[in-house]
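Please look over the sequence and the model shown here before reading the report. The text then takes up a few topics in turn.

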Amino acid sequence: MFESVILIGPGTNLFPIVNSSLKATNLPILNIELLLINIQFLEPVSSKIYIVILKEDVDNIRHVVKNITTPLEIIGIDFYDGTVTQLHKLQQKINSENIIVTKGNLVTNIDIKTIANEYLDNNDLFMTILTNNQENTVCGIKGNELIHYSDFDDLNISKDILIKNRFVMTLEKHPLQFYMFKKDILKYITSDMFSFRSNFLPAIVKTLCNINPVKIFDPMNTYIYQIRDVESYIFTIKKLKSIKHNENGDAICSYDKINLCKQYIKKKNIKDTKNILGTSLFIDSGFIIDSVIGNNVTINEGSYVVSSILMNNIIIGKNCHIEECLIGNNVTIPDNTTLIKCNVSPAYIFSTNVNAKNNIFTCS
């Protein structure tokens, strides 16, 4: 068994959909909170789970963890001083030989026991997972081994080394923030390291290269996404929507709007009309197409929602047009409002109706 560590960062890259009223840990992923998804992912192989989080955010996760049966410890910190520093402080608590570290922002259908079995069977020292690169980084890959990892700007490797080791350099792949390794690896931490991904991981890849190289788990026939910013959140929700849809999945429209709904689908050439619907949805003489709708959402008379993500506790007023939007928790949209390609922060208060395109409505 492993001891698992979830290191919750400040989540600033997720602004404006994350703010003081909705933290990254509580982001709804098809109406399940992100932190809970990550805990459930780790539980099958974890003897204990540590959650490191800012003290000011601890109360936001108590309801998430209250029914977790795996031993779990919440460690509140005064300020975030980097992944490596927190791991260094935590290592005295960890008794297991093997550790898993994540940032608590993964969404996957991988059975973690598959990863653990491969890691243990091969007596690996360190394992990670590669995904499509969204960073300015370079990976050197040889089979299932990560031989080189660095920022592109810091790339300094000779042609002789490339030929000798016969590995492929690529800008297209990047390690996910999922790390499975022996506790002894923590001895390589140095005082100048702040970030696991930017400082510690490149050093580990270099150190282990000629001993027992960092292994790459291949998530074939499965999916794994990391929620790092607004764009990756939207991308993940859309991907999940295309994979899963509930029994009420087809376009939703009131009887008097059937023809209008069909015309809109044809006009916009919408291929996937299915929806993901939460509980307690009320819609009055309108329609919903190609959207993900959270819990406790009301869509009033004459309004329609198209290709959008609506979180929880939202009221859409009368005669509104919401299209390609992301609307956070606890928002009321005034009557006669049009929002196209807009993001609305959780708990944002509209003072009047608006007609907006490509806008961001934010609050602290």
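## Basis of the model

This is a predicted model, in which local features need pLDDT of at least 70 and side-chain atom pairs count only at pLDDT 80 or more, while totals for chains, interfaces and linings use all residues. Residues are numbered from 1 along each chain as its sequence is written, and side-chain values use heavy atoms, with hydrogens and water left out.

## Salt bridges

Side chains of opposite charge can pair when their charged atoms come close. Searching the whole structure gives twelve salt bridges, a salt bridge being a side-chain nitrogen of Lys or Arg within 4 Å of a carboxyl oxygen of Asp or Glu. One of them joins Glu73 and Lys93, with 2.9 Å from N to O. This pair links distant parts of the chain, 20 residues apart, since Glu73 belongs to strand 5 (residues 72–77) and Lys93 to the loop between helix 3 (83–90) and strand 6 (98–102); helices (H or I, at least four residues) and strands (E, at least two) are DSSP runs, numbered from the N terminus. Lys93 is partly exposed, at a relative accessible area of 41%, where buried means under 20%, exposed over 50% and partly exposed in between (1.4 Å probe, protein chains only).

Asp124 and Lys215 form another salt bridge, and their closest N and O atoms are 3.4 Å apart. Asp124 lies in the loop between helix 4 (112–121) and strand 8 (126–132), and Lys215 in strand 13 (residues 214–217), so the pair ties together parts that are 91 residues apart in sequence. Both partners count as buried, Asp124 at 1% relative accessibility and Lys215 at 11%. A salt bridge is also found between Lys257 and Asp256 (3.1 Å, N to O), and Lys257 is buried with a relative accessible area of 17%. Salt bridges that share partners join Lys48, Glu73 and Lys93 into one network.

## The cavity

On a 1 Å grid over the protein atoms alone, a cavity is a set of points where a 1.4 Å probe fits but cannot get out, and lining residues have an atom within 4 Å of a point. The whole structure holds one cavity of 30 Å³ or more, and the largest cavity has a volume of about 60 Å³, the volume being the space filled by probe spheres set on the points, which are joined across faces, edges and corners.

Among the residues that line the largest cavity are Pro28, Tyr233, Val292 and Met311, and the elements giving two or more residues to this lining are helix 7 (230–243) and strand 22 (309–310). The lining comprises eight nonpolar, three polar and no charged residues, with Ala, Val, Leu, Ile, Met, Phe, Trp, Tyr, Cys and Pro counted as nonpolar, Asp, Glu, Lys and Arg as charged, and the others, Gly among them, as polar. At least three lining residues come from each of domain 1 (2–240) and domain 2 (247–361), the bounds being taken from an automatic or database domain assignment.

Six strands form an open sheet in the order 16-19-22-25-28-30, with parallel pairing, where two strands pair if DSSP finds at least two bridges between them. Strand 16 (276–277) and strand 30 (360–361) stand at the edges with a single partner strand each, so one side of each is left without a neighbour in the sheet. Strand 28 (residues 343–344) runs parallel to strand 30 and is joined to strand 30 by two bridges, and Val344 has Phe361 as its bridge partner in strand 30.

## A loop residue

Phe15 sits in the loop between strand 1 (2–7) and strand 2 (28–29) and is partly exposed, with a relative accessible area of 44%. The C-alpha atoms of Phe15 and Asp57 are separated by 16 Å, the two residues being 42 residues apart along the chain.

Terms used:
1 Å grid on protein atoms, 1.4 Å probe; cavity = no way out; pocket = protein on both sides within 12 Å on 5 of 7 lines; lining within 4 Å.
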